[in-house]
Amino acid sequence: MSVDAVLSRIAEIRTQIDALRGGTATAAAGGSSPEATSGAFADALATATGTATGAATTGTAAGTAATDTATRTPATSVDAGRGTLATGSGATGSDVVEDAKKYLGVPYVFGGTTRSGMDCSGLVQTVFKDLGVTMPRVVPDQADMGVPVGSLKDAKPGDLIVPKGEQHIVIYVGDGKVLHAPRPGKDVRIVDNWYKDSDIATIRRIVPSEAAAPAATRSVPAAGAAQSVTDLQTAALLSAMRGNAA
């Protein structure tokens, strides 16, 4: 491409940017997006300096990949799974505690999962079902779900505590207390946690302990900033052309 052609192309691109800054999408602008404009400058610069266009293409592809990664929606699920949080329902640990409190006073019934009676794992399964999260039925399987919590000091409301032997399961409600369905003759209740770390097989977090922060919005550079970038690109291009001419 000749110097005159490069300068002509620069003038065309600057006209397009001026149209975009004024909020006008005209036929003269060719419907070009800022990304396309940036790519055109890269091509013009590569042509003037003798740089292979593959580098510019690679840079554009990398930028596109980065944008896709930043805007991709994280995978969500309403099924409890091993090594992952069930985020699909939007429930948090606090929701687990509040829902479990609805069952205070329900009598212990082995194998039960209703207000007529429930056992410890039936209570856990029912609470998560209320919140739209699918959980296994029995303690050993429930003890495999979610992500592990290191110790009692790291436990958050809504976490599940399973003692060694995996014959019982309780819901941590915070402040050193747990909610559970104890045994025949008792009802669902909140009591002081009597387990020590040495007594515990695992502590599991099934849903996030807190609501997820709002996704960051993608910012669009101001028109003035875009013009500054254009000026710098033009200066770099002209400098490279002068260097080649010398």
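Which residue in β6 is the bridge partner of Gly-174? Select Lys-177 and you have found that partner.

Before moving on, keep in mind that this is a predicted model, where local features need pLDDT of at least 70, side-chain atom pairs count only at pLDDT 80 or more, and totals for chains, interfaces and linings use all residues. Residues are numbered from 1 along each chain as its sequence is written, and side-chain values use heavy atoms, with hydrogens and water left out.

Now select 170-174 and 177-180: these are β5 and β6, antiparallel and paired over three bridges. (Strands are DSSP runs of E, at least two residues, numbered from the N terminus; two strands pair if DSSP finds at least two bridges between them.) Two residues separate β5 and β6 in this hairpin, and Asp-175 in the turn has a positive phi of about 55°.

Next, pick Leu-179. Ile-171 has Leu-179 as its bridge partner in β6, and Leu-179 in turn has Ile-190 as its bridge partner in β7. β7 covers 189-192 and runs antiparallel to β6, with four bridges joining them.

Zoom out to the open sheet: six strands, antiparallel, ordered β3-β8-β4-β5-β6-β7. β3 (147-148) and β7 are the edges; each has a single partner strand, so one side of each is left without a neighbour in the sheet.

Last stop: Asn-193, in the loop between β7 and β8 (200-205). Show its contacts (heavy atoms within 4.5 Å): beyond neighbours within four places in sequence, Asn-193 touches Leu-152, Gly-176, Lys-177 and Val-178. Finally, a polar atom of the Asn-193 side chain lies 3.1 Å from the backbone nitrogen of Tyr-195.

Methods
Polar contact = N/O pair within 3.5 Å; in protein donor to acceptor, adjacent residues only side chain to side chain.
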